[in-house]
Amino acid sequence: RCVLPQAGQAGWVDGDNAIAKHLAAPEVASGLKAALATDLLGAYVLLKDKKLDPAMGKDPADTRPRMAEGWRSGRSLRAMQLNLEATGAILRILAAGMPKQDSSALRNNDTALRVAKRLTGDLGELAAGPQRRDLILLRDAADAAGKRAFEEVPFVLGVTVGFNSLDGD
């Protein structure tokens, strides 16, 4: 499960061994912060480029339902909801370090999550049917959240973003 249980969330910010404290330690901070930023931003690329686009195809006639993650189990949409819940949880923690705790990436992520939660059924059928527009909205909202996160997250963490495993390099 991608969303941390309450005790797990507390582990990020509470206590002597809190992840947030480790991120602040100079000897560990830069590598951990860069990895966190790269992985968070990579999650948006994964959602759009690997989970939605291949199954949706370029138009309704080009849908490829078997390209969807978990297509046999019918859990493609649930997996995307969990991905967005996880990215949202991380962005909420990072938003505390933003001026006036204002995060456009978090708002965009929340929009994408709301759209994802409205969708039910098989991703392939949705991509070929009238709810395709909602999938396009989901893809665009996740893409917008990723683009804003690319601007906000490295700034908040004070790092530059490197390559991720999806870059193909």
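The exercises below concern a predicted model of a protein chain.

**Exercise 1. Overall make-up**

Task: State how many helices and strands the protein chain has, and what part of its residues is buried.

Solution: 
- The protein chain has seven helices and zero strands.
- Read from the N terminus, the order of elements is α-α-α-α-α-α-α.
- Of the 169 residues, 40% are buried.
- The chain exposes about 9,500 Å², and carbon and sulfur atoms supply 55% of that area.

**Exercise 2. The span of helix 7**

Task: Decide whether the distance between the end C-alpha atoms of helix 7 agrees or disagrees with its number of residues.

Solution: 
- Helix 7 has 26 residues.
- After helix 7 comes glycine 158, with a positive phi near 70°.

**Exercise 3. The largest nonpolar core**

Task: Find which elements give two or more residues to the largest nonpolar core.

Solution: 
- This core holds 35 residues, and Leu84, Leu123, Leu135, Leu138 and Val153 touch the most other members.
- Two or more residues come from each of helix 3 (26-56), helix 4, helix 5 (104-118), helix 6 (123-128) and helix 7 (132-157).
- Helix 3 gives the most, with nine residues.
- As for leucine 138, its contacts beyond four places in sequence include Leu52, Met80, Leu84 and Val115.

**Exercise 4. Threonine 87**

Task: Determine whether threonine 87 is buried or exposed.

Solution: 
- Threonine 87 lies in helix 4 (residues 76-95).
- Its relative accessible area is 5%.
- Buried means under 20%, so threonine 87 is buried.
- Not counting residues up to four places away in sequence, threonine 87 touches Leu40, Ala43, Tyr44 and Asn109.

**Exercise 5. Salt bridges**

Task: Explain how lysine 147 and aspartate 143 are placed along helix 7, and describe the accessibility of each.

Solution: 
- The closest N and O atoms of lysine 147 and aspartate 143 are 3.2 Å apart, in a salt bridge.
- Because the two residues are four apart in helix 7, about one helical turn separates lysine 147 from aspartate 143.
- An α-helix has 3.6 residues a turn, so residues three or four places apart point the same way.
- Lysine 147 is exposed, at 51% relative accessibility, while aspartate 143 is partly exposed, at 22%.
- Elsewhere, a network of salt bridges links Lys48, Asp49, Asp53, Arg139 and Asp140.
- Within it, arginine 139 and aspartate 140 meet at 3.6 Å, N to O.
- Arginine 139 is buried at 18%, and aspartate 140 is partly exposed at 40%.

Notes: Residues numbered from 1 in each chain as written. Predicted model: local features only at pLDDT ≥ 70, side-chain atom pairs only at ≥ 80, totals over all residues. Heavy atoms only, no water. Buried < 20%, exposed > 50% of the residue type's maximum accessible area, 1.4 Å probe, protein only. Contact = heavy atoms within 4.5 Å. Core = buried A, V, L, I, M, F, W, Y, C linked by side-chain atoms within 4.5 Å. Expected span 1.5 Å × (residues − 1). Areas by Shrake-Rupley, 256 points an atom, 1.4 Å probe, with all protein chains shown as cover. Salt bridge = Lys/Arg side-chain N within 4 Å of Asp/Glu carboxyl O.
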